[in-house]
Structures are given as C-alpha cells and as structure tokens.
Amino acid sequence: MTSVRETSATPPVNDAPRGPKCNGPGCGKALVHIPGKRPKVYCSDACRMRAKRAIARNAETTTNSAGQSRPEPKANAGFSSKGKSPSAAGQSVAAEAPATKKGQPKSGTRDERYARRDRHQAVALGEAFRACGNRLTGNAATLQWAAGEAALTGVCRCNNVHMCAWCGTRILAVRAANAQAMADGLAANGYGLHLGTSTLRHFARMPFGSNRKGQRFGLVSVLHDGWRGAYGSSGRPWRRLKAEFGVIGYERAYEDTWGPDTGHHLHWHTLWVTAEPLDTDGQLEFRRAIATAWADGVRNAGGYEVSQTCDRPDCSCGGEGHGTDLRSLNSGEEGETARYLYKDGDKGTAKIGLELSRQDLKDGRRSGRLGPWQLGDAAADELLASGGVPGPFTTAYRERERGIFGVRKQYRTQGLNALVKSLEIPQDERTEDEITDESGGLQPILVIPSGTWYRHVARVPGRRLDLVKVAEASGVGGVRLLIESWGLRWGIDVFDPPAEPTTEAEEESEPKVNPLLELPAARTFAEHIHRVRRRQLAAKN
C-alpha cells in the first residue's frame, strides 16, 4: 500500500488542547471544543455508537428479565474513516435524506455576509482576499442608490469562491442556477442523470497540500491526479465509459471539510450524463466501473486504497464500499417524475444545483466537521480569544487558504456543454466580474475620496455596511446625516457625484472640475437638490 504524499514541513493540525474527555467506553480521548457549537461528548461517531450499544445492552439485561423482547439493532449505524475501515464517513449520497439537512444553515443575510467576510479577512494571509471590499480600484469609492437598493462601487472584488463569503455566495448562486437549469432540461429530454461522489481515505496527519507548480503534494494533489488518471479524456477508462454506458459528459464540483479528529476531507461531487437512463443492472455496472477507475487513479496518484467493499450488514452502500457513491436520478421508480426531481421540495428531493455548487450553504455532515465558512468562523473566534496566537483552527484555515489556489470549484466537459447549447437550455453566461458587479441600474449619490475612505470608512468596522443600509432606507438625505454624524463635511471630505448636463447651456454653466479627483470643485447639497428638481420639472414639461 502506498502512502499519500506528505511533507514534514507542514505542521500538524490535530493537536487537541487539554480539557474534557470522551465518554465513550474505554476511550477517554481529549476533546476539542468548537466555538459556537454544542460541547462534544464523544470524540467520534464510533465512540458514540459504542456508548449507545452499551446502553442498549444494559437496557436489554433489565427488560429481558421482565419478559420483554430484545431491542432491534440499528441498521444505519455510522462508520468511521479511521482504523481498519478505509471508508470516508458521511459521504454516501444515497444514504442521506435530502429533506432533513439539519446541519446545513440557510443562506445568510447581506449583513451576515459582510460581517463574515470581515472576520475571515482577519485570519487570512492572502492579499487579494484581504483587499476585497477594502481596497479602492481608483481614487475614490462611489455610493450608488436607486429605488431602495444601494451598493458601494470602485472597491476591489476578489471573486474567490473558495474563501470569500461575499463574492463566493453570489457566484455560487448563479452556478447553482445554471446546474439546475441544465439538469431540468436534460431530464425533460430523456437523458440519464446520475449523481456521484468520489472520496479519498484520509487521516488527521495528512496535509491539505498544493497544486502549485513545482510544489505538488498532499491530498489536493492526489485528488486531482486521481481524477485525471481515472476519467481523463485521453485515458482508456474514459473511452470505456463512453462506449459501454453512453456517457456524454459530466459536471464536476469540488468540496472539502475539516475536523480536529479527521483532518481535511476532500471530495468531488459529479453529475454524470448518459445518452439514456440505465436500468437497475446498468446502474450497478456503471457504479462499479467508475469506482474501479477511481480506485486505480487514486492508487497511481500515491493515495491510500479507496474503499470498494463493505461487510457491514444492511449498509446503505450495498456492499460496494464508500470510496465512490452513485445515485441514479431518473430511472426505476423515479422514472415518471425525473423532470421534477430537482424542484419539488415537498417530495423531499435535493436540488441538484445546490448539491453541486452551494458549499457555502453546507456544514460538516459529521459531528465536529466544519465546512470552509464554519472553519473561518472558528479560526476568527480562536484568534480573538487567544490574543492573536494561532491555534489548530487558524492553522487549518491558513493551510487550506494556500492549498486551494488554482483549484477549480466547478467544471463541465466540452461534450456536455455542446449538448446544453444544442438543446437551447438557458444558462447565465455572465463572467465572475459581471456577477459581483453591484452597480447595475443604480445612480451615484456620493463620492468618497481615497483619503477619507481609508481613514474614516474602510478601517472603521461597520461603516461600509452602514452607508449601504442608510442609503437603502433614507436615500441621499439619510446618507448626509450619517456622514455628518461621523464628523465629516459634505463638499470637503466627501462630494456629490459629477452631474451629467442635459443641455448645452447646463454644460457651459457646469463648475470647473478638479482633475485630481475628477469631482466638481464646489457643489453643495442644496445645489444638488435644486438641479434634481429642475430636471424633474423639465421632464414633466
């Protein structure tokens, strides 16, 4: 058995601080408390299940003496990715009930995303992410407003779907909608859809790694090299899948979680598309084919053996192992309702767009496992509580921050793209810059020069959001009162935006412009209101 690529230079992130201990039978392992979450009682699901079985045995001993029946064993007992079992726990899509995702919070409000980005920026080391929403792209920031909506423009946007709670949420929402529209359109046209998950066997000691040129190592490198070896377009396994099962293409999404006991867990979610739905036998053969290809690819990439068998009775994998999971979405009993599988929330079916794209809405599915946003929250709380001294959460966050560079969140094959276009399935083709641009349909109402921006707005917590919220609620008048409450002077520290002249006479009478700021040299608030009223009267006449 070959071992996953590791580096001695990467510090371990599984050092648990002293504190409460696991209540599992014969365990006593130290527990790590995650800020903001309920204190843990057991170190792992294995200890929790052992404790439950011990309680059940005690109950059986007590009740059997009274002539009562023995309690039924739990069929869906959890499994662990540690010890002798090579499985990746909690990743079997077929075993989940999509309607009851208790660990997945609802999408945060705008205020929460602003605050979350600020908190994560205090932990991050990358300049691009730390500049998002803070650094100006020019000499001034502009507050824009229209019909109860407002936004700040002229500031940097990182467009980082892996790190930024603000940009990532907006971009992933569009990608999820695209995946949803594609799945609906393909199902309506009779194509086969299969949702799969490909995982790695992992331990807490394994580094996240990197895909950077000349620095490839760790789990993220094995994940990518394993996929290339298993399903690369020039490889024999890919040609065999296309020939035997009519595979047209796939849309693949990256996802990762972290836990103090299990370390980094990286995996792929994949929507496989075949020319037609597969019957029950075809589904099983297809699963085994992609599972074999994935296991071979990971082995050749230097990873641990992927789970392909399971001897647990009544396990959800059906004995096929937990390294690869596959769920057919439009065959068998679901054939008649294939086109509704992604929309009908009352039926308890998960939306494929959310499953593929919205990691920002997902929490770790096992106790103590955190998604990227939750890891950032824990790291920020840790730094605040320790006075800036990095701990295990901060170390894991920064290790992931460096290793995530160059990782594609979502990828769709060319063949599948061509099919979507030929079927004329609508897709939002905006670029990331266009998605995160908030100025559409808004009009500038305030210009903040760079000196005022950095000294009085960007570096004072909460003021950026206050500007947007007051503008949405009260318009220009409310913004003026807010600015003055900060001790700033309108026309000196902040300015009205340059007016657009409507006639040649107005253009000639426009005040001279300061070429350094590209702003009117003098423009009072009363003059601004006067010009607005004049334009309104002219429009009526």
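Helix 9, residues 372-386, and helix 10, residues 392-403, have axes that come within 8 Å of each other. They cross at roughly 135°. This is a predicted model, by the way. So helix 9 and helix 10 are oblique to each other. The handedness of that crossing is left.

Who touches whom? From helix 9, we have Pro372, Leu375, Gly376, Ala378, Ala379, Glu382 and Leu383. They meet Pro392, Phe393, Thr394, Ala396, Tyr397, Arg398 and Arg400 of helix 10. By class, the contact of helix 9 with helix 10 splits into nine nonpolar, two polar and three charged residues.

Next, helix 5. Its residues are 218-231, and helix 7 covers residues 280-300. The axes of helix 5 and helix 7 come within 7 Å and cross at roughly 130°. That angle makes helix 5 oblique to helix 7. Here the crossing is right-handed. On the helix 5 side, the contact uses Val222, Leu223, Asp225, Gly226, Trp227, Gly229, Ala230 and Tyr231. On the helix 7 side, look at Ile290, Ala293, Trp294, Gly297 and Val298. The contact of helix 5 with helix 7 counts nine nonpolar residues, three polar and one charged.

Stay on helix 5. What angle does helix 5 make with helix 6? The two axes cross at roughly 50° and come within 5 Å. Helix 6 is residues 236-245. Helix 5 and helix 6 are therefore oblique to each other. Gly229, Ala230 and Tyr231 of helix 5 make this contact with Pro237, Trp238 and Leu241 of helix 6.

Last topic, the second largest pocket. Its volume is about 560 Å³. How many residues line the second largest pocket? The lining has 21. Asn178, Arg412, Asn417, Gln427 and Asp428 lie nearest the centre.

Which elements supply the lining? Helix 4 (167-188), strand 7 (410-412), helix 11 (414-422) and helix 12 (432-436) each give at least two residues. Helix 4 has the largest share, with five residues. By class, the lining of this pocket holds nine charged, seven nonpolar and five polar residues.

That's it from me. Happy to take comments.

Notes:
Residues numbered from 1 in each chain as written. Predicted model: local features only at pLDDT ≥ 70, side-chain atom pairs only at ≥ 80, totals over all residues. Heavy atoms only, no water. 1 Å grid on protein atoms, 1.4 Å probe; cavity = no way out; pocket = protein on both sides within 12 Å on 5 of 7 lines; lining within 4 Å. Points joined across faces, edges and corners; volume = space filled by probe spheres on them. Helix = DSSP H or I, 4+ residues; strand = E, 2+ residues; numbered from the N terminus. Nonpolar A, V, L, I, M, F, W, Y, C, P; charged D, E, K, R; others polar. Axes fitted to C-alpha atoms, helices over the stretch in contact; angles between N-to-C directions. Parallel < 35°, antiparallel > 145°, perpendicular 65-115°, else oblique. Left-handed = near helix turned anticlockwise from the far one by under 90°. Contact = heavy atoms within 4.5 Å.
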